[in-house]
Amino acid sequence: PPPPPGNQPPVADAGSNNTIQLPVNKIFLDGRQSSDPDGSITTYKWSVLNGPSGSSLLTSTEDTTSLALINVGDYTIRLTVTDNGGLTSSVDIIITLLASQVVLPPGTYGKEIHVNIYDGKTPYNSSQWNNWNVGSSLTSSKFSYEDNSSSGINAYISGHQRIVDNGSNYAPGATSCPPPVLQFNSITTSDRDLIIYGLDNTKKYRIELYASRANIVNDTRFTIGNVSDTINVYNNVNDYAKFDNIIPSGGIITVGILRLNEWQYLAGFSIIEQSGSILTSPATNPALITEANKTSSPASLDNTNPVSDKILNADFISLQNSMLTVKMNSGKQQIMSLSIVDASGRTFLRTNVTLQKGYNTFNKFIPRVTKGIYYIKLLTNNNFIVKPVMSGIN
């Protein structure tokens, strides 16, 4: 039958675009904010318009549902609502599934050095990254650690032909490293070595290497000793070469950079100390501790006996545009340890916060975070809480 005279169409509301990161592969979809100005909504219809294969909806005809994803990529989800007069309205949202971060083997991750290769004109403006113009000098100056303290570490690269520029807006959703690092790459048609000097022979290191190219299909193979890791650099935003537990010889680690096609690429690299023993939980990795696994004191984080203690209660945690906002109650004035790690266990912030008795609100600027899942760790003498949050980048 025709709709009643003057019937106005409903308004479909499926929420905002969202991002999840493996191993999390399900997301809750909520259409309950949909409305009808002069009647009521009678039916809901969810559908996946496009995206990689392997997606599935728990139900397609309820006001809420859950979406399960398998393959990394962007999925367009449509919600169509129908009102009691037969009129319909639709809205689309984008759900992005990111590749998982590699969980490192147990080890305390100490100081980090991050190096960006650039063209000598457009450095990456981040206090946590060193900029190296290899076109000016194949030998770098001494690098700074990400906390801006000085190191005795520098590097030499045995060959460089030119810099390629992928563009200032390249790879906005990169998870391998910050997007500006992937803008510039040093390229050559010959195999070459990256030699890192000034390392501590008593420590083990994780070496990460980044490479990406916007318009040429090429592979670059990185080797340390007899171990190799290959990156398909074509439009690469998620993959990076990674080597764990590397022990220097004479304070040196040598990375071979090999071309498999015409060119080979290097956008940047990281040097991360690995040594000591990690603070463990029943889940082994601190990033995987759940809120139920609370410990009795900072000195005994491997204590598996949960404590019943409501002195610390985080009501709201948000990480948007590199700004962490925490709202929480505390039963007394106390010092709380605050840290942020990603799924690989890499620490982005470690600091102390003075809590007042009652309600507390504070903000912390966290540079270098990208879209993905992070874990906020709150620790006092009486409580230990880890909560996952999704970083949003506008």
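Colleague: Which residue forms a salt bridge with Asp-244, and how far apart are the closest N and O atoms?

Modeller: The general idea first: side chains of opposite charge can pair when their charged atoms come close. The rule used here asks for a side-chain nitrogen of Lys or Arg within 4 Å of a carboxyl oxygen of Asp or Glu. For Asp-244 the partner is Arg-206, with 3.0 Å between the closest N and O atoms. Asp-244 belongs to strand E17 (residues 241–246) and Arg-206 to strand E14 (residues 204–210), so this bridge ties together parts 38 residues apart in sequence.

Colleague: Are Asp-244 and Arg-206 buried or exposed?

Modeller: Go by relative accessible area: under 20% is buried, over 50% is exposed, and in between is partly exposed (1.4 Å probe, protein chains only). Arg-206 comes out at 0%, so it counts as buried. Asp-244, at 26%, is partly exposed.

Colleague: How many salt bridges are there by this rule?

Modeller: Six. One of them joins Arg-78 and Asp-92, at 2.7 Å from N to O. Arg-78 lies in strand E6 (residues 73–83) and Asp-92 in strand E7 (residues 88–98), so the parts it ties together are 14 residues apart in sequence. Both ends are partly exposed: Arg-78 at 30% and Asp-92 at 35%. Asp-30 and Arg-32 make another, with 2.9 Å between their closest N and O atoms.

Colleague: On to the rings. How many aromatic pairs does the structure hold?

Modeller: In general, a pair of aromatic rings is described by the distance of the centres and the angle of the planes. Rings of Phe, Tyr and Trp (its six-membered ring) pair if their centres lie within 6.5 Å; planes under 30 degrees apart are stacked, over 60 edge-to-face, and the rest tilted. The structure has six such pairs. Trp-129 and Tyr-210 have ring centres 6.2 Å apart and planes at 50 degrees, so they are tilted. Trp-129 sits in the loop between strand E8 (108–117) and strand E9 (130–132), and Tyr-210 in strand E14, so the pair ties together parts 81 residues apart in sequence. Trp-129 is buried at 6%, and Tyr-210 is buried at 1%. For Trp-132 and Phe-269, the centres are 6.3 Å apart and the planes at 80 degrees, so that pair is edge-to-face. Trp-132 is in strand E9 and Phe-269 in strand E20 (residues 268–275), so parts 137 residues apart in sequence are tied together.

Colleague: Which residues form one aromatic cluster?

Modeller: Tyr-124, Trp-129, Tyr-210 and Tyr-240.

Colleague: Which ring does Arg-162 lie over?

Modeller: A charge sits over a ring if NZ of Lys or CZ of Arg is within 6 Å of the ring centre and within 35 degrees of the ring normal. Arg-162 lies over the face of Trp-263, 5.1 Å from the ring centre. Likewise, the charged end of Lys-327 is over the Phe-316 ring, 5.2 Å from its centre.

Colleague: How many bridges join strands E15 and E16?

Modeller: Strands pair if DSSP finds at least two bridges between them. Strand E15 (residues 219–224) and strand E16 (residues 227–232) run antiparallel and are joined by six bridges. They form a hairpin with two residues between them, and Gly-225 in the turn has a positive phi of about 65 degrees. Thr-220 stands opposite Ile-231 in E16.

Colleague: Where does pLDDT stay under 50?

Modeller: That score is the predictor's confidence in each residue, from 0 to 100. Where pLDDT is low, the predicted coordinates should not be read in detail. Residues 102–108 stay under 50, and the model gives them 23 contacts (heavy atoms within 4.5 Å) beyond four places in sequence. Residues 276–310 are also below 50, with 64 contacts beyond near neighbours in sequence. The chain averages 81, and 83% of the residues score at least 70.

Note on methods:
Residues numbered from 1 in each chain as written. Heavy atoms only, no water. Helix = DSSP H or I, 4+ residues; strand = E, 2+ residues; numbered from the N terminus.
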